[in-house]
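User: I would like to learn how to read a structure step by step, beginning with the fold and then moving to single residues. Could you take me through this one?

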Amino acid sequence: MKSLIKFQQTLKLTELTNTDRIMKKATGTTPMEKNRYSDEELEEFKDIILKKLVKAHNDLKLLTESYTTGNDNDTNDTSPTFKVLEEGYQVFSKEENSKFAARQEKFIKSLENALIRIENKTYGICRVTGKLIPADRLRSVPHATLSIEAKRVQVSAPVAVRPFDPDME
């Protein structure tokens, strides 16, 4: 009797394994693999993103102020020779800060998009493979929309063939 029960259990495990193989072949995942992060995990990611958003907004404010406001400690009272050189440097510096601010705005938009994906419960799913992006990757790059394997394929593709990546991971 015990051997019959053990045989039935083994048969069920074999059937489950075969079903898993068929499912993996059809969809790329097995029923045992997670297809999304739990609500608790999404909350953890949301906290990380909100902290990064606060810092990003503060950085953007500093960058914007540095290229939009005049400097009270400028060279208005120095000789014209030095003034020309100083003004050239100030223009260059303002242009650089403007570029940094544009990049920061793009980063903020990517973080905001990640919050939307959390609300939709699609956060952490690779947009190329459809698999979950590892949690460690999301903790370090919370706006990531590509898994490492998809990112490697994208980076190795010729520039003309690469798809547009709004998240600049």
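Analyst: Read along the sequence, this predicted model follows the pattern α-α-α-α-α, and its secondary structure comes to five helices and zero strands.

User: How much of the protein counts as buried, and what supplies the area that is exposed?

Analyst: Burial is judged residue by residue, and here 24% of the 169 residues count as buried. The protein exposes about 12200 Å², of which carbon and sulfur atoms supply 59%.

User: Which share of the contacts between residues at least 6 apart in sequence joins residues at least 24 apart?

Analyst: In this protein, 60% of those contacts join residues at least 24 apart.

User: Is Phe 100 buried, partly exposed or exposed, and why?

Analyst: A residue is called buried under 20% relative accessible area and exposed over 50%, with partly exposed in between. Phe 100, which lies in helix 3 (residues 80–119), has 47% relative accessibility and therefore counts as partly exposed.

User: Where does Thr 145 lie, and is Thr 145 buried or exposed?

Analyst: Thr 145 lies in the loop between helix 4 (135–140) and helix 5 (148–156). Because its relative accessible area is 7%, Thr 145 is buried.

User: Which side chain does the side chain of Thr 145 join in a polar contact?

Analyst: Polar contacts are read from pairs of N or O atoms within 3.5 Å. In this model, the side chain of Thr 145 is joined to the side chain of Arg 127 by a polar contact of 2.7 Å.

Terms used:
Residues numbered from 1 in each chain as written. Predicted model: local features only at pLDDT ≥ 70, side-chain atom pairs only at ≥ 80, totals over all residues. Heavy atoms only, no water. Helix = DSSP H or I, 4+ residues; strand = E, 2+ residues; numbered from the N terminus. Buried < 20%, exposed > 50% of the residue type's maximum accessible area, 1.4 Å probe, protein only. Contact = heavy atoms within 4.5 Å. Areas by Shrake-Rupley, 256 points an atom, 1.4 Å probe, with all protein chains shown as cover. Polar contact = N/O pair within 3.5 Å; in protein donor to acceptor, adjacent residues only side chain to side chain.
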